[in-house]
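This briefing goes through a protein model by topic.

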Amino acid sequence: MSLDRMFDSAAGAAAKTQGDCITIRRPDDWHVHLRDGDMLRSVLPFTAAQFARGIIMPNLVPPVTTPEMAAAYRARIVAALPEGSDFQPLMTCYLTDTTSPDAIERGYAEGIWVAAKLYPAGATTNAHHGVTSIIGIAPVLERMERIGMKLLIHGEATDPSVDIFDREAVFMETELLPLLVRHPGLKVVVEHATTAETLDIVRANAVRAAATITPHHLVINRTSIFQGGLRPHLYCLPVAKRECHRLALRAAATSGEACFFIGTDTAPHPRRNKERECCAAGAFVGASALQCYVQVFDEEGVLDRFEAFASLNGARFYGLEANSGTITLQRRPSHVPQAVPIDGDEVVVFRGGEILPWSIAEVRA
Ligand code: DOR
Ligand code: ZN
């Protein structure tokens with residue numbers, strides 16, 4: 001059976017809306033920051049309660065650059081899982097100017113990592129070891145193209161003279177489009193898309209390109225960051241854009257198009273690093289992601305398309321089977337905790353303290 005057919009019938013088999021409940025295949029989070037140590041232990045249970053699998057971002061200190069580091073990090077994640085959890089971490093390699101094509105291939109062939117992450121040097125949190133010249137890593141990208149390994153891209157220009165609200169658009173024009181031409185067989189995921197133009201570029205290249213969309217970029221726009229004063233917990237990168245872009249993101253996520261899928265970009269930082277003179281970029285959405293996403297689909301009147309975005313499109317792009325278990329979400333108010341304690345501090349939850357209209361009712365493995 002072709003992949004398309006397989007997923008069509010899978011969708012038909014699992015997705016069920018009954019009264020105030022929707023049951024879908026268990027979803028995956030194709031973009032997660034789990035951190036390490038105490039933070040990992042504090043935030044992992046939330047992601048593991050919502051998702052069956054996660055693509056784990058490699059921007060630790062130091063970054064995850066070798067198969068050995070990725071295997072050791074995966075073991076630390078598995079060891080930190082709550083008892084009985086079957087959450088599966090899918091590892092990534094942090095690309096640097098000196099990444100070797102052989103190491104990339106070895107980690108992929110040995111099943112240690114499934115993708116590599118391209119951070120333009122300095123673009124975001126812990127990106128200072130990132131790539132200074134994308135052309136400079138052509139041998140790595142050629143090898144990935146040959147072996148079918150996906151490239152995950154933080155798409156923002158790093159030239160400090162570029163306006164922060166234009167950084168994604170400039171990157172797409174000056175870096176992404178030429179890269180797609182230079183490496184026609186390379187499969188890419190544009191992570192956390194935030195502009196209408198990015199979505200159109202992905203659509204135009206949908207055979208080999210996809211985009212993840214975060215819950216927060218579906219909910220806030222750039223004005224939200226300044227609502228009543230400066231709100232550090234809504235500051236993330238790429239920064240939220242104008243309302244017209246938020247609406248374009250909602251239209252794309254809820255469209256059913258196969259090139260768009262969940263990637264929460266849950267990025268926890270201790271409160272003290274958010275509420276300081278220079279606030280760290282990132283929103284912790286791990287505890288409220290699915291409730292936010294399903295609310296968007298409900299508001300747009302397309303709950304029947306939620307399963308494709310949450311549970312099918314990403315798996316298909318990565319060449320993996322959809323999960324066999326199910327999750328049931330219910331239109332029943334749920335309270336989101338304000339914050340999650342971590343060693344001597346806490347992490348503020350996106351929409352924490354609010355009553356959300358949807359809750360997670362049941363997960364079946
Ligand atoms: O806001 C962000 N936070 N964007 C990123 O790309 C990285 C992330 C983090 O690791 O905190
Ligand atoms: Zn991220």
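**A buried strand residue**

Ile153 counts as buried, at 1% relative accessibility. The model is predicted. Ile153 belongs to strand S7, which covers residues 150–153.

**Zinc site (ligand 2)**

- Three residues supply the protein donors of the zinc ion: His31 through NE2, His33 through NE2 and Asp265 through OD.
- These donors lie 2.0 to 2.1 Å from the zinc ion.
- Along the sequence, the donor residues follow the spacing H-x1-H-x231-D.
- His31 is in strand S3 (residues 29–32), while Asp265 is in the loop between strand S10 (260–262) and helix H10 (271–274), so the pair ties together parts that are 234 residues apart in sequence.
- Both His31 and Asp265 are buried.
- For Asp265 the relative accessibility is 7%, so under the 20% limit this residue counts as buried.
- Asp265 is not a glycine, yet it has a positive phi of about 55°.

**Surroundings of ligand 1**

- Ligand 1 is surrounded by 14 residues, and the closest are Arg35, Asn59, Thr124, Leu237 and His269.
- His269 places a polar side-chain atom 2.8 Å from an oxygen atom of ligand 1.
- Thr125 has a polar side-chain atom 3.2 Å from an oxygen atom of ligand 1.
- A polar backbone atom of Ala281 is 3.0 Å from a nitrogen atom of ligand 1.
- Ligand 1 taken alone exposes 290 Å², and the protein buries 100% of that.
- The largest cavity is the space taken by ligand 1.

**Cis peptide bonds**

- The peptide bond from Val61 to Pro62 is cis, and its omega is near -5°.
- Pro62 sits in the loop between strand S4 (53–56) and helix H3 (67–80).
- Leu237 and Pro238 are also joined by a cis peptide bond, with omega about -5°.
- Pro238 is in the loop between helix H8 (215–219) and H9.

- Arg246 is part of helix H9, which runs over residues 243–253.
- The relative accessible area of Arg246 is 15%, so this arginine is buried by the under 20% criterion.
- The side chain of Arg246 reaches the backbone oxygen of Leu218 at a distance of 2.9 Å.
- Arg351 lies in the loop between strand S14 (345–348) and strand S15 (355–356).
- Arg351 has a positive phi of about 65° although it is not a glycine.
- With 16% relative accessibility, Arg351 counts as buried.

How values were computed: Residues are numbered from 1 along each chain as its sequence is written. Chains are lettered from A and ligands numbered from 1 in the order in which they are written. This is a predicted model: local features need pLDDT of at least 70, side-chain atom pairs count only at pLDDT 80 or more; totals for chains, interfaces and linings use all residues. Side-chain values use heavy atoms; hydrogens and water are left out. Donors are N, O and S atoms within 2.8 Å of the metal (3.2 Å for Na, K and Ca); water is not among the atoms, so sites may look incomplete. Helices (H or I, at least four residues) and strands (E, at least two) are DSSP runs, numbered from the N terminus. Buried means under 20% relative accessible area, exposed over 50%, partly exposed in between (1.4 Å probe, protein chains only). A residue is near a molecule or strand if one of its heavy atoms lies within 4 Å of it. A polar contact is a pair of N or O atoms within 3.5 Å; within protein, one must be able to donate a hydrogen and the other to accept it, and residues adjacent in sequence count only if both atoms are side-chain atoms. Accessible areas come from the Shrake-Rupley method with a 1.4 Å probe; for residues, only the protein chains shown count as cover. On a 1 Å grid over the protein atoms alone, a cavity is a set of points where a 1.4 Å probe fits but cannot get out, and a pocket is an open set with protein on both sides within 12 Å along at least five of seven lines; lining residues have an atom within 4 Å of a point. A molecule sits in a cavity or pocket if more than half of its atoms lie within 2 Å of its grid points.
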